[in-house]
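Let's take a walk through this model, helix by helix and contact by contact. Have the viewer open and follow along.

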Amino acid sequence: MHKQNFLAALQDALYGLPQSDINQSVEYYSEIIDDQIEDGIREEEAVASLGSPDAVAKQILLDIALPKLVKAKVRPSHTLHAWEILLLVLGAPVWASLLLAAAAVLFSLYITIWAVIVSLYAVELSFGLGALFGLVQGGIFMGTGNIPAGVFYMGAAIACFGLAILLFFGFNKATAGLIAVSRRFVLWIKSLFLKRRKAQ
């Protein structure tokens with residue numbers, strides 16, 4: 001793919017963002033391609049090293065703040081007439097409450113993802129503390145001559161320590177997956193605020 005084709009496809013993929021952000025992104029990637037060409041890389045290779053225009057657009061979209069997208073989306077494209085303002089005001093109890101409910105649901109879903117991550121590491125911490133407590137308690141019982149109780153607590157400490165190690169690796173993989181889900185979720189929310197260019 002040539003530079004101009006890539007930039008045109010990127011501009012199309014970013015359609016719906018504020019025009020200043022589109023221009024800034026296109027100029028940025030144009031400079032990256034030019035710098036690579038100056039370093040002796042062929043134009044097609046320089047473009048290919050950036051990835052597809054859609055993948056680049058997704059990354060740009062992730063980096064843009066959600067409030068900025070919302071502001072750009074809700075800004076009217078023309079001056080509102082008096083009757084439009086009146087309809088907006090009269091319909092506010094309906095559309096505002098529905099909008100607030102939708103925002104609350106989306107926010108709660110996002111928070112739930114992170115609550116699961118915190119819960120996983122709370123379980124991990126509890127097993128680690130259980131191992132520490134078992135070692136201390138086992139040592140106390142053995143020091144006071146209560147060998148069976150000491151052995152029990154030492155065994156429980158070893159079991160907790162083993163589970164803590166085992167779960168640590170599993171929870172790390174689960175966390176990486178949940179973080180990827182949260183990124184896709186944010187990307188999906190942001191994509192709701194983009195207009196789609198109509199086929200011409």
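A crossing counts as left-handed if the near helix is turned anticlockwise from the far one by less than a right angle, and as right-handed if it is turned clockwise. Before we use that, a word on what you're looking at: this is a predicted model, where local features need pLDDT of at least 70, side-chain atom pairs count only at pLDDT 80 or more, and totals for chains, interfaces and linings use all residues. Residues are numbered from 1 along each chain as its sequence is written, and side-chain values use heavy atoms, with hydrogens and water left out. Helices here are DSSP runs (H or I, at least four residues), as strands are (E, at least two), numbered from the N terminus.

Start with helix 1 and helix 4. Helix 4 covers residues 53–63, and the two pack at an angle of about 45° with their axes 9 Å apart. The axes are lines fitted to C-alpha atoms, for helices over the stretch in contact, and angles run from 0 to 180 degrees between N-to-C directions. That angle makes helix 1 oblique to helix 4; under 35 degrees would count as roughly parallel, over 145 as roughly antiparallel, and 65 to 115 as roughly perpendicular, with the rest called oblique. The crossing of this pair is right-handed. On the helix 1 side, the contact (heavy atoms within 4.5 Å) is made by Phe6, Ala9, Leu10 and Ala13, and on the helix 4 side by Pro53, Asp54, Val56, Ala57 and Ile60. Sorted by class, the contact of helix 1 with helix 4 has eight nonpolar residues, no polar ones and one charged. For that sorting, Ala, Val, Leu, Ile, Met, Phe, Trp, Tyr, Cys and Pro are nonpolar, Asp, Glu, Lys and Arg are charged, and the others, Gly among them, are polar.

Next, helix 2 and helix 3. Helix 3 takes in residues 43–50, and it packs with helix 2 at an angle of about 135°, the axes being 9 Å apart. Helix 2 and helix 3 are therefore oblique to each other, and their crossing is right-handed. From helix 2, Tyr29, Ile32, Ile33, Gln36 and Ile37 meet Glu43, Ala46, Val47, Ser49 and Leu50 of helix 3. The contact of helix 2 with helix 3 divides into seven nonpolar, two polar and one charged residues.

Helix 4 brings Lys58, Gln59, Leu61, Leu62 and Asp63 to the contact, and helix 7 brings Arg183, Val186, Leu187, Lys190 and Ser191. The contact of helix 4 with helix 7 splits into four nonpolar, two polar and four charged residues.

How many salt bridges does the structure hold? There are three salt bridges, each being a side-chain nitrogen of Lys or Arg within 4 Å of a carboxyl oxygen of Asp or Glu. In one of them, Lys3 pairs with Asp34, the closest N and O atoms lying 2.7 Å apart. This pair links distant parts of the chain, with Lys3 in helix 1 (residues 3–13) and Asp34 in helix 2 (residues 19–38), 31 residues apart. Lys3 counts as buried at 12% relative accessibility, while Asp34, at 29%, is partly exposed. The cut-offs are under 20% relative accessible area for buried and over 50% for exposed, with partly exposed in between (1.4 Å probe, protein chains only).

Arg42 bridges to Glu44 at 3.4 Å, N to O, and also to Glu45, with the closest N and O atoms 3.2 Å apart. Glu44 is partly exposed at 26%, and Glu45 is partly exposed at 42%.

Finally, go back to helix 7, which runs over residues 147–191 and holds Ala159. Ala159 is partly exposed at 42% relative accessibility, and its C-alpha is 9.7 Å from that of Gly134, 25 residues away along the chain. Gly155, also in helix 7, is partly exposed at 37%; Gly155 and Leu135 are 20 residues apart in sequence and 8.7 Å apart, C-alpha to C-alpha. Thr175 sits in helix 7 too, but counts as buried, at 10%. Setting aside neighbours within four places in sequence, Thr175 is in contact with Ile117, Leu120 and Tyr121.
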